[in-house]
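Student: I would like to go through the labels used for a model and check each one against its cut-off. Please show the structure.

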Amino acid sequence: MFYFKKDHKSLTLFMVITLIMALALAGCSSSSNSSNSGNAATAVDGGEKKADPIIVKFSHVTTIDSPKGLASEKFKELAEKYTDGRVTVEVYPSSQLYGDKEELEAVQAGNVHIIAPSITKLVGMNPQFQYVDLPFLFKDNDAVYKFWESDANKKLMNSLDNYGVRLLAMWPNGFKQFVNGKYPLVTPADFKGLKFRVQAGSVLEAQFKALGAGSATIPFGETYTALQQGTVDATENTFNNIDTQKYAEVQKHLTVSNHGRLDYCIIVNTKFWDGLPGDIREALEKAMAEATDYAVELAEDLDQKSFENLKNAGMEVVELNEAQRAEFVKIMEPVVAEFESVIGKDIIDAARAANQ
């Protein structure tokens with residue numbers, strides 16, 4: 001304890017001493033707080049700070065309730081599960097990021113990491129992928145899946161390395177059918193003069209030319225408006241796409257022909273994929289394999305449900321019998337022959353063998 005007289009000098013000395021003590025105490029307190037802060041950080045962190053998750057952007061053009069949309073959500077679920085949250089998959093359906101014209105360039109540039117275009121979008125890289133458009137090449141779904149396991153198709157899947165992308169898997173949608181807004185399509189003669197919306201591709205142009213019809217390449221997301229406004233009279237697509245894109249609102253007639261396929265290829269940016277840690281890539285491959293199994297099971301179920309939806313929506317349905325279908329097959333034989341040298345006899349032979 002300090003004693004002092006209440007004169008000016010004593011008071012000044014007291015104030016100086018008090019100030020020194022206060023500064024000393026403040027220094028101790030600061031040191032103590034610093035020590036406590038460090039201990040708290042260690043307690044909160046419990047070691048190294050957890051790394052931010054790897055973001056995988058998955059872009060596609062169909063609705064979330066389509067086979068592709070649901071399978072991509074399944075991949076997201078499994079990828080995040082198998083990587084224990086070290087990966088976050090961001091799915092962008094319905095052309096939210098890129099339309100079907102831009103998405104391939106986007107994945108090559110690394111602006112997105114995974115896309116799921118229709119197989120025919122790859123014809124610019126390898127024209128053999130046009131096999132999917134060849135009319136009446138496959139007799140049923142099982143034949144398609146069998147072909148996907150063939151050596152010919154596996155060689156085809158590995159043909160994209162020079163383009164900065166890798167084909168990871170095939171996902172089915174289903175067989176294509178004809179829809180139009182004018183009258184029932186029962187025979188090849190009924191197609192004359194109609195204008196069909198098609199995806200880009202020489203095979204499809206040749207297909208409709210053989211039927212005496214015209215064709216116009218229109219992006220998938222713009223097809224409804226083109227049908228509504230009469231830019232085109234008709235289109236071809238799977239039951240599920242016809243249903244989920246609500247074509248029944250602007251098209252009255254449906255012909256069940258099962259004439260071509262609409263299937264998807266899952267494509268990843270190679271630089272991004274190869275740059276992933278090995279355990280992460282292995283987990284994503286596992287997720288993709290399981291999502292593919294899910295896609296196969298889902299596609300057939302949804303396609304048939306959509307067929308029922310279209311009938312319930314009031315579409316007038318023509319189901320080709322064997323004799324009627326055979327007439328179309330005969331008309332289309334020259335189209336298959338025309339593209340054999342482009343697509344490859346080995347591809348066509350493998351597809352036909354899968355029908356056995």
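Student: Which residues line the largest pocket?

Tutor: The model is predicted, so local features need pLDDT of at least 70 and side-chain atom pairs count only at pLDDT 80 or more, while totals for chains, interfaces and linings use all residues. Residues are numbered from 1 along each chain as its sequence is written, and side-chain values use heavy atoms, with hydrogens and water left out. The lining of the largest pocket consists of Tyr145, Trp148, Glu149, Lys154, Met157, Leu168, Ala169, Met170, Thr292, Asp293 and Val296.

Student: What makes a space a pocket and not a cavity?

Tutor: On a 1 Å grid over the protein atoms alone, a cavity is a set of points where a 1.4 Å probe fits but cannot get out; a pocket is an open set with protein on both sides within 12 Å along at least five of seven lines. Lining residues have an atom within 4 Å of a point. Grid points are joined across faces, edges and corners, and the volume is the space filled by probe spheres set on the points. For the largest pocket that volume is about 260 Å³.

Student: How do the residues of that lining divide by class?

Tutor: Seven are nonpolar, one is polar and three are charged. The nonpolar class holds Ala, Val, Leu, Ile, Met, Phe, Trp, Tyr, Cys and Pro; Asp, Glu, Lys and Arg are charged, and the others, Gly among them, are polar.

Student: Which element gives the most to the lining of the second largest pocket?

Tutor: Helix α10 does, with four residues. The volume of the second largest pocket is about 160 Å³, and its lining has three nonpolar, five polar and four charged residues. Helices (H or I, at least four residues) and strands (E, at least two) are DSSP runs, numbered from the N terminus.

Student: How many cavities of 30 Å³ or more are found?

Tutor: The search of the whole structure finds two. The largest cavity has about 170 Å³, and of its 19 lining residues Ser118, Arg197, Gln199, Phe220 and Leu262 are the closest to its centre. The second largest cavity has about 30 Å³ and is lined by Asn141, Tyr145, Pro172, Asn173, Gly174, Arg261, Ala299, Glu300 and Asp303.

Student: Why is His253 called buried?

Tutor: Buried means under 20% relative accessible area, exposed over 50%, and partly exposed in between (1.4 Å probe, protein chains only). His253 has 6%, so His253 is buried. His253 lies in strand β8 (residues 253–256). With neighbours within four places in sequence left aside, the contacts of His253 (heavy atoms within 4.5 Å) include Phe178, Tyr183, Met315 and Glu316.

Student: Is Asn258 buried, partly exposed or exposed?

Tutor: At 28% relative accessible area, Asn258 is partly exposed. Asn258 lies in the loop between β8 and β9 and has a positive phi of about 50 degrees although it is not a glycine.

Student: What makes a set of residues a nonpolar core?

Tutor: The members are buried Ala, Val, Leu, Ile, Met, Phe, Trp, Tyr and Cys residues joined through side-chain atoms within 4.5 Å. The largest such core has 56 residues, of which Leu122, Tyr131, Phe138, Phe147 and Phe196 touch the most other members. Helix α11 (residues 322–343) gives the largest share of this core, six residues. A second, separate core has 26 residues, among them Phe75, Leu262, Ile280 and Ala291.

Student: How do you know that Asp279 and Arg86 form a salt bridge?

Tutor: The rule asks for a side-chain nitrogen of Lys or Arg within 4 Å of a carboxyl oxygen of Asp or Glu. Between Asp279 and Arg86 the N to O value is 2.7 Å, and the pair is a salt bridge. Asp279 is in helix α10 and Arg86 in the loop between α2 (67–82) and β2, so the pair ties together parts 193 residues apart in sequence.

Student: Are Lys176 and Asp133, which also form a salt bridge, buried or exposed?

Tutor: Lys176 is buried at 3%, and Asp133 is buried at 1%. Their side chains meet at 3.5 Å, N to O. By this rule the count comes to 13 salt bridges.
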